[in-house]
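This report concerns a predicted model.

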Amino acid sequence: MGGNAANKPELLKNGKRVDGRRVDELRPIKIVARVLNDADGSAYVEWGKNKILAGVYGPSECIPRHDQSLYRAIVKCRYNMAPFSGAEEHGRSGPNRRSKELSKVIREAFENVIIAESFPKTQIEVFIEVLQSDGGTRCAAVTAAAVALADAGIPMKDMICACAVGKIEGEVVVDLGKEEDNFGESDMPIAFSPRTGDVLLFQMDGLLTKEELARGIELARGASEKIRAIQFEAIKKVYEEPREERFLIIK
Amino acid sequence: MPGEMVSDKADRIAYAFVDNGKTYSTVVGLFSDGKLVPLEGPYEPLAEDMIVGIVAEVKFSGYSVEMNTAYTAFLSSREIRERYSMGDAIFACVSMIDEVRSTELSDAHKLPSGRLVKVSSVKVPRIIGKKNSMIDMIKAATGCEIFVGRNGYVWICDGANPTLAEKAIRMIEAQAHTTGLTDRVSRYLKENGGKDYSPSHVPSQPQGIGSQQGAQQGSEGGHSPYGSRSGGQGGFQRHSRYPPRQHGYR
């Protein structure tokens, strides 16, 4: 969506997409858990060209006090895109309309699974920094934040995972890249609770027919199973490998 | 892993919840023998926990004590005979905790000069070991008195080799989920200049505050709690038996 028709690339050719993927194929995903020293939980995700860092702090005393609840922990979420994260001009850093919206939808997705009743009067803070973006950052952000929360030991009913589906050249495809997002017809990020199959985040840009939507959700569900396996693998590695080997190596 | 099934019946298991007649985990943990042991997580204070805390504020009627949680505990002046100042380390018992986590402490003792090591509270049972084996070994090898709080604060009193004790505790924290840890720690202590120690001759504990290690057993069952020896040592003894942690989620 939003791309200029004049320089639109051929998005789908013989069933292959611009980056050579099949319609139901995800980009390569790499997750490393516990990358930050001082956060209670953290995760780093490389999803195609997306690079996202998530940190979780808490439960800690809720500040300001008027936000605190006697019944549950307050979940706070901050999604932020680094000024250097994308090809386009992002201008000044800090929250803008888009990042505030994403912070809100991500927070609401996690409020469904975090067992907040165990920690009255506290806050749980989730910080998500997009270091490099290439389409589908909110799904990668949700995936990273879920791993960070699990790493922090915060009780959750499920490990959330998210995946976008969309339509390019009249075909429903999974996990849109930046070009497919910009020049495609539709983009639909969905976050699931895989245990129950509940949809926790659902947004749509562009138009889809009823049938395409059903097909899209089905594709995203399949993809989310694969992502969940990668998330679990990342958490297991924290306990299997020594700290130094897991540490981030910037290539 | 959060959301993974631990039982296909509706069981009441700590750190798990029941949905639709089945039981699922809420944390990253190890599941065996119907018990879920979390590998990470915040400290949730329970009554009768023995904790190491830091005096955060001196008030008219008592002290606010910081104890590795989102909640500061209150220690009333009525409960104690000493005076503290800000920053003092104390060893105390959680006497009361209510539904909004207002916490009160009792049976406090000021700790002698030493150093504070912060570990994750879920690793505390491993630091103590079965029948205090681990902590007794470190104490004997390093010549330091050590107080382990259930909240994950470990106070190492000044002694022969507190640095080695700290390193050993950090090692246990890093490898808490592995087996054969006692042997490895024992070897590590020996190689790094710890005093010779074999489990057969546990040094007899001196009477007094030093022997009143009231730290608690966690979810690993079957150990005798700290100080289960008979004989009145006053104060701490009545709190030494730790009830099984019973908080399930519904």
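## Strand 7 of chain B

Why is strand 7 (residues 62-66) of chain B largely enclosed by the rest of the structure? Of the 5 residues of this strand, 4 are buried, so the strand is largely enclosed. Buried here denotes under 20% relative accessible area.

## Pairing on either side

Strand 6 (residues 50-58) of chain B pairs with strand 7 of chain B in the antiparallel sense, over 4 bridges. The two form a hairpin with 3 residues between them, and Ile54(B) stands opposite Glu66(B) of strand 7.

Strand 7 of chain B is also joined antiparallel to strand 8 (residues 73-76) of chain B, by 4 bridges. Val65(B) has Ala73(B) of strand 8 as its bridge partner. The hairpin of strands 7 and 8 of chain B has 6 residues between the strands, and Asn68(B) takes a positive phi near 65 degrees in this hairpin.

## Interface of chains A and B

The contact involves 28 residues from chain A and 24 residues from chain B. About 2,200 Å² is buried between the chains, with carbon and sulfur atoms giving 65% of that area. On the chain A side, Arg195(A), Phe232(A) and Tyr239(A) lose the most area to chain B, together 27% of what that side buries.

There are 2 salt bridges between chain A and chain B. Arg195(A) forms a salt bridge with Asp19(B), in which the closest N and O atoms are 2.9 Å apart. Across the interface, 7 residue pairs are in polar contact. Helix 4 of chain A gives the most to the side of chain A that touches chain B, with 5 residues. By class, that side has 14 nonpolar, 5 polar and 9 charged residues.

Definitions and conventions
Residues are numbered from 1 along each chain as its sequence is written. Chains are lettered from A and ligands numbered from 1 in the order in which they are written. This is a predicted model: local features need pLDDT of at least 70, side-chain atom pairs count only at pLDDT 80 or more; totals for chains, interfaces and linings use all residues. Side-chain values use heavy atoms; hydrogens and water are left out. Buried means under 20% relative accessible area, exposed over 50%, partly exposed in between (1.4 Å probe, protein chains only). Two strands pair if DSSP finds at least two bridges between them. Contact means heavy atoms within 4.5 Å. Buried area is the accessible area (1.4 Å probe) that two parts lose on being put together, summed over both. A salt bridge is a side-chain nitrogen of Lys or Arg within 4 Å of a carboxyl oxygen of Asp or Glu. A polar contact is a pair of N or O atoms within 3.5 Å; within protein, one must be able to donate a hydrogen and the other to accept it, and residues adjacent in sequence count only if both atoms are side-chain atoms. Ala, Val, Leu, Ile, Met, Phe, Trp, Tyr, Cys and Pro count as nonpolar, Asp, Glu, Lys and Arg as charged, and the others, Gly among them, as polar.
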